[in-house]
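Try each task first, then follow the solution step by step.

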Amino acid sequence: MAVVVVESPAKAKTINGYLGQGYTVLASFGHVRDLPAKDGSVDPANGFEMTWEVDPKSRKHISAIAEALKHDDQLILATDPDREGEAISWHLLEALRKRRAVKPSTEVRRVVFNAVTRRAVTEAMAHPRDIDMELVEAYLARRALDYLVGFTLSPVLWRKLPGARSAGRVQSVTLRLVVEREMEIEAFRTREYWSVKAILTTPAGDSFEARLTALDGARLDRFDLADQTTAEAAVAAIEAVALSVLAVEAKPASRNPYPPFMTSTLQQEASRKFGFGAVRTMRTAQRLYEAGHITYMRTDGIDMAPEGVQAARDAIRTRYGERYLPSSPRIYKTKAKNAQEAHECIRPTRMPAAPGDLSLESDQARLYELVWKRALASQMATARFQRTTVEIGDAGATVGLRATGQVVTFDGFLRVYEEGRDDSVADDEERRLPAIPEGAALDRKAVTPEQHFTQPPPRYTEATLVKRLEELGIGRPSTYASIITTIQDREYVRKEKNRLHPEDKGRLVTAFLETYFKRYVSYDFTAKLEQELDDISGGRIEWKSVLGRFWKDFSAAVADTAELRIGEVLEKIDEVLAPHLFPDPGDGGDPRLCPTCGAGRLALKTARSGGAFIGCSAYPECRYTRPLGGVARGDNGEGRLLGQHEGQPVTLRNGRFGPYIQLGEQVAGATEKPQRSSIPKGMELDLERAVALLSLPRLIGPHPDDGEPLEAGIGRYGPYVKHGRTFASLTAGDDVLSVGMNRAVELIAQKARRGPGRGAAQKPLRALGEHPEGGAVNLMDGRYGPYVKWDRINATLPKGTDKDALTLEAALDLVEAKRKAKKKKK
């Protein structure tokens with residue numbers, strides 16, 4: 001008999017069903033050894049010797065494997081088909097050899113399969129090999145590098161930067177990406193611009209939308225209509241002329257399907273479509289893989305195995321017919337900088353098994369459907385469109401307008417699948433246009449100017465961050481999820497509404513590392529190191545030479561920080577971040593001058609909690625503070641300017657009850673306060689949305705039942721919708737600025753069904769009379785049964801009391817007993 005070892009019990013159970021008698025299939029439950037979390041686990045002075053320690057939780061699993069080997073003389077290591085899987089096999093073999101469980105006569109073989117199916121497992125068992133030491137050495141080099149950076153750099157952070165938790169080779173570079181994006185957003189200055197939209201009517205009475213593209217014979221650029229005045233002048237120009245169709249151009253267009261999933265694109269699409277984080281996606285994919293439903297889920301490859309391609313083509317032919325099948329199979333080639341060792345894409349193992357054919361729990365069903373549709377669509381026919389552009393103008397070429405639209409002439413792969421978008425983008429071309437004959441005179445139905453504001457780059461989601469890491473050639477499919485989890489667990493980054501925001505602690509760590517360890521948080525350096533690790537796995541360079549070169553320079557950089565004092569570090573970071581923390585006000589004034597006392601100067605300070613803030617040098621006389629992001633704490637600062645609206649500044653501020661926006665400034669001596677609005681938790685804020693918040697409450701429309709107005713606004717308890725005297729709170733998925741009629745009616749109806757809230761007066765079951773000391777005594781219906789209420793005293797009816805026969809005298813006795821019990825308790 002042979003002992004077969006895999007990582008998980010789920011995978012062991014599936015494989016055991018394929019192999020049957022003659023094999024004992026056991027699980028190692030992941031990695032069995034790791035470097036102890038203490039100094040000296042990697043010894044650079046002794047040829048980078050590594051000291052490994054068996055995980056206490058793994059000892060019983062190793063014992064079970066060793067016990068099985070007493071009776072069997074063959075060990076088959078069938079862990080995952082990547083560097084991590086190769087490393088687990090190597091660790092397991094080393095641990096068993098230390099226990100002398102592997103005898104000289106024991107045959108040790110390694111098998112790999114990309115899918116947990118009978119065919120794949122049987123094929124792998126027929127072609128065993130030895131452990132690939134080049135893959136193991138690539139793992140050893142990565143693990144040693146991560147250890148050396150973490151255990152050398154983290155203590156430097158603890159000593160020089162109070163509150164810092166840790167640093168890591170890839171973790172710190174990932175954090176830098178998030179911090180730099182936030183700084184881009186904060187440095188962004190919104191710019192106003194306008195466009196003009198016209199609703200026009202054809203001679204047949206069909207309406208369509210066109211946009212102004214030229215004025216006075218010149219093509220309009222984005223900022224040519226800079227304000228409302230110029231936009232209204234453009235509207236007047238359109239209304240003053242007779243419009244006709246100058247040209248109609250229809251062009252065929254096509255779109256090819258997307259390649260099948262690899263790890264990063266699966267994480268991105270699961271985030272876009274389901275809001276899954278990277279960890280949730282990988283955990284769900286792992287279960288699907290171990291159950292034999294999909295191929296291995298940690299891969300950089302997008303090529304599909306020939307049997308997968310054929311199965312997909314057969315499924316397309318059966319389900320959709322020959323029209324949807326291209327004449328020859330589609331071939332995809334991996335473009336990633338550091339494509340992993342010969343792994344195919346993520347695809348279903350049985351293409352005919354549609355999502356509805358499998359009994360899966362919710363997350364697995366959704367993810368399987370995504371993988372199935374993407375794999376199937378990747379082998380389907382091209383989608384075809386007809387794109388139409390209509391040029392509109394007047395005889396004197398005063399104005400020019402354009403309408404665009406498209407019609408799908410053959411849906412092709414779009415019948416099955418369309419990729420999601422990271423950020424919603426309006427696409428005029430997706431509109432369908434009516435028949436518009438060239439030369440036709442057009443009537444104007446409406447011409448309206450529209451105000452816009454430029455937008456800062458969006459914050460990263462987990463999906464877009466993974467995409468950026470992949471573009472830079474940083475990290476591996478097996479590490480993306482853990483990297484993003486680590487920077488959140490260290491409280492360097494927080495996730496709000498699926499977007500990643502850096503904490504002040506994370507900003508400080510990034511500033512420190514960029515100041516004193518710039519090379520080691522460089523994107524190019526980190527990507528080059530990833531390439532060298534790939535070269536090790538390909539046998540092109542020797543792993544210890546990579547470690548030697550890295551350690552020589554890195555240890556010297558660490559030594560250079562040995563004499564640094566905390567005060568020096570803060571001064572240096574303050575100096576480096578000064579252009580960001582204290583931007584030039586543009587009036588020749590001192591950007592560091594305290595806005596409260598007018599005498600002290602602002603500088604970077606650290607808090608006991610480990611965070612950082614901007615404080616006044618005149619402390620404790622002056623207690624002005626603000627966070628690094630630029631919003632004043634308290635109402636004594638000027639806030640962060642978002643832009644101008646109707647000639648007044650719109651600023652983001654922080655008050656007693658959290659952040660808010662303000663229009664204009666408080667006039668000295670005036671009793672009237674500037675217009676303000678609180679900000680719903682997690683809302684992405686820009687000038688346009690800030691102005692919209694200041695205009696709340698807004699009318700949604702008349703209620704379909706009674707015609708009474710439905711409104712949306714922000715109150716004491718957050719965003720709400722209102723109908724008459726009924727208020728219903730918005731849920732986390734609702735946006736107060738865009739909630740529509742259907743949703744508002746639904747929320748109001750739900751509130752009506754629930755009845756009044758805790759704050760509403762409850763109607764008594766029966767009025768019992770007046771208390772001798774004054775006030776009504778009532779019989780009420782409570783959550784735990786009927787009770788008597790007088791003033792602030794609630795007395796529960798004793799068990800067995802008939803509430804219908806309760807008299808005032810009996811109720812007064814209950815109230816008095818309750819009052820005495822309260823006094824005794826006090």
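**Exercise 1.** Find the helix that holds serine 271, and decide whether serine 271 is buried or exposed.

*Solution.* Start with the position: in this predicted model, serine 271 belongs to helix α8, which covers residues 263-274. Next, take its relative accessibility, which is 6%. Buried means under 20%, so serine 271 counts as buried. Finally, look at what surrounds it: leaving out residues up to four places away in sequence, serine 271 touches Phe276, Thr461, Ala463 and Asn498.

**Exercise 2.** Work out how helix α3 is oriented relative to helix α5, and list the residues that make the contact.

*Solution.* First locate the pair: α3 spans residues 83-98 and α5 spans residues 133-160. Their axes lie 8 Å apart, at an angle of about 95 degrees. Angles of 65 to 115 degrees count as roughly perpendicular, so α3 is roughly perpendicular to α5. On the α3 side, the contact is made by Arg83, Glu84, Glu86, Ala87, Trp90 and His91. The α5 side supplies Met133, Leu135, Val136, Ala138, Tyr139, Leu140 and Arg142.

**Exercise 3.** Repeat the analysis for helix α9 and helix α11: at roughly what angle do their axes cross?

*Solution.* Helix α9 runs over residues 278-290 and helix α11 over residues 362-377. Their axes come within 9 Å and cross at roughly 85 degrees, which makes α9 roughly perpendicular to α11. Residues of α9 in this contact are Arg280, Thr281, Thr284, Ala285, Arg287 and Leu288. From α11 come Asp363, Gln364, Arg366, Leu367 and Tyr368.

**Exercise 4.** Step back to the whole protein: how many helices and strands are there, and what share of the residues is buried?

*Solution.* Count the elements: the protein has 20 helices and 32 strands. Then turn to burial: 48% of its 826 residues are buried. For the overall dimensions, the C-alpha atoms fill a box of roughly 95 × 90 × 70 Å along the principal axes. Last, consider the surface: the protein exposes about 41,300 Å², with carbon and sulfur atoms supplying 49% of it.

How values were computed. Residues numbered from 1 in each chain as written. Predicted model: local features only at pLDDT ≥ 70, side-chain atom pairs only at ≥ 80, totals over all residues. Heavy atoms only, no water. Helix = DSSP H or I, 4+ residues; strand = E, 2+ residues; numbered from the N terminus. Buried < 20%, exposed > 50% of the residue type's maximum accessible area, 1.4 Å probe, protein only. Areas by Shrake-Rupley, 256 points an atom, 1.4 Å probe, with all protein chains shown as cover. Axes fitted to C-alpha atoms, helices over the stretch in contact; angles between N-to-C directions. Parallel < 35°, antiparallel > 145°, perpendicular 65-115°, else oblique. Contact = heavy atoms within 4.5 Å.
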